[in-house]
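Here is a short tour for a reader new to this structure. Start with the sheet, then follow the helices around it.

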Amino acid sequence: MARYFFDTSALVKHYHAETGTDVVDRVINEAGAELLIARLTLVETISVFAIKVRTGEFDAAEFARLRGLFATHVARRRYQVFRLLNVHHDRARDLIANHGLRRQIRTLDALQLSVALHLHQVVPIDQFVCADQRLCDIALLEGLAVVNPERP
């Protein structure tokens with residue numbers, strides 16, 4: 001059974017057709033796949049949906065529909081949701097200190113990656129699924145196998 005950790009940048013592609021949606025949907029629909037997300041993704045996903053309304057990609061009615069669909073998937077435990085712990089904040093700080101002088105790594109991205117790395121130490125994840133190539137590059141340096149759905 002494959003274990004996939006989804007960064008928000010990739011997960012939102014399951015809810016709105018865009019570059020990489022086919023790759024994300026294939027992973028999500030893989031028989032027996034375990035889909036892991038950080039609790040932070042619950043907030044970031046809604047934020048991305050709101051941005052898409054503001055930029056005209058879809059309207060408020062679609063926002064409400066997608067928000068409800070995502071909430072249903074979370075409630076039905078389609079995704080295993082992992083809360084942020086102090087150790088994740090500490091690891092995120094270290095990721096920024098270790099990589100941030102040479103590469104761009106945003107705070108929330110560092111938190112996402114820190115959760116994935118922590119889970120990988122406990123029970124290895126097979127793929128870190130992320131549509132942000134800069135974050136993918138850092139995840140690779142940290143020893144994770146990566147799928148960027150925008151670069152099949």
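Predicted model: local features only at pLDDT ≥ 70, side-chain atom pairs only at ≥ 80, totals over all residues.

Two strands pair if DSSP finds at least two bridges between them.

Five strands form an open sheet. Their order is β3-β2-β1-β4-β5, and the pairing is parallel. The edge strands are β3 and β5 (146-147). Each of these edge strands pairs on one side only. In general, strands of a sheet pair through backbone hydrogen bonds, either parallel or antiparallel.

| Strand pair | Bridges | Facing residues |
|---|---|---|
| β1 (residues 3-6) and β2 | three, parallel | F5 and L36 |
| β2 and β3 (residues 80-82) | three, parallel | L36 and Q80 |
| β1 and β4 (residues 127-129) | three, parallel | F5 and F128 |

Is strand β2 largely enclosed or open? Four of the five residues of β2 (residues 34-38) are buried, so the strand is largely enclosed by the rest of the structure.

**Helix α6 on the sheet**

Helix α6 packs on the sheet. It touches β1, β2, β3 and β4. The direction of α6 makes about 165° with that of β1.

**Helix α6 and helix α3**

Two packed helices are described by the angle between their axes and the distance between the axes. Helix α3 (residues 40-54) and helix α6 (residues 107-122) pack at an angle of about 140°. Their axes are 11 Å apart. Angles over 145 degrees would count as roughly antiparallel; α3 and α6 are therefore oblique to each other. The crossing of α3 past α6 is left-handed.

Which residues make this contact? L40, T41 and E44 in α3 meet L108, L111 and Q112 in α6. Three of these contact residues are nonpolar, two are polar and one is charged.

**A92 in helix α5**

A92 lies in helix α5 (residues 86-99). At 4% relative accessibility, A92 counts as buried. Leaving aside neighbours within four places in sequence, A92 is in contact with A110, L111 and S114. A92 and Q112 are 20 residues apart in sequence. In space, A92 and Q112 are 8.2 Å apart, C-alpha to C-alpha.

Conventions: Residues numbered from 1 in each chain as written. Heavy atoms only, no water. Buried < 20%, exposed > 50% of the residue type's maximum accessible area, 1.4 Å probe, protein only. Helix = DSSP H or I, 4+ residues; strand = E, 2+ residues; numbered from the N terminus. Axes fitted to C-alpha atoms, helices over the stretch in contact; angles between N-to-C directions. Parallel < 35°, antiparallel > 145°, perpendicular 65-115°, else oblique. Left-handed = near helix turned anticlockwise from the far one by under 90°. Contact = heavy atoms within 4.5 Å. Nonpolar A, V, L, I, M, F, W, Y, C, P; charged D, E, K, R; others polar.
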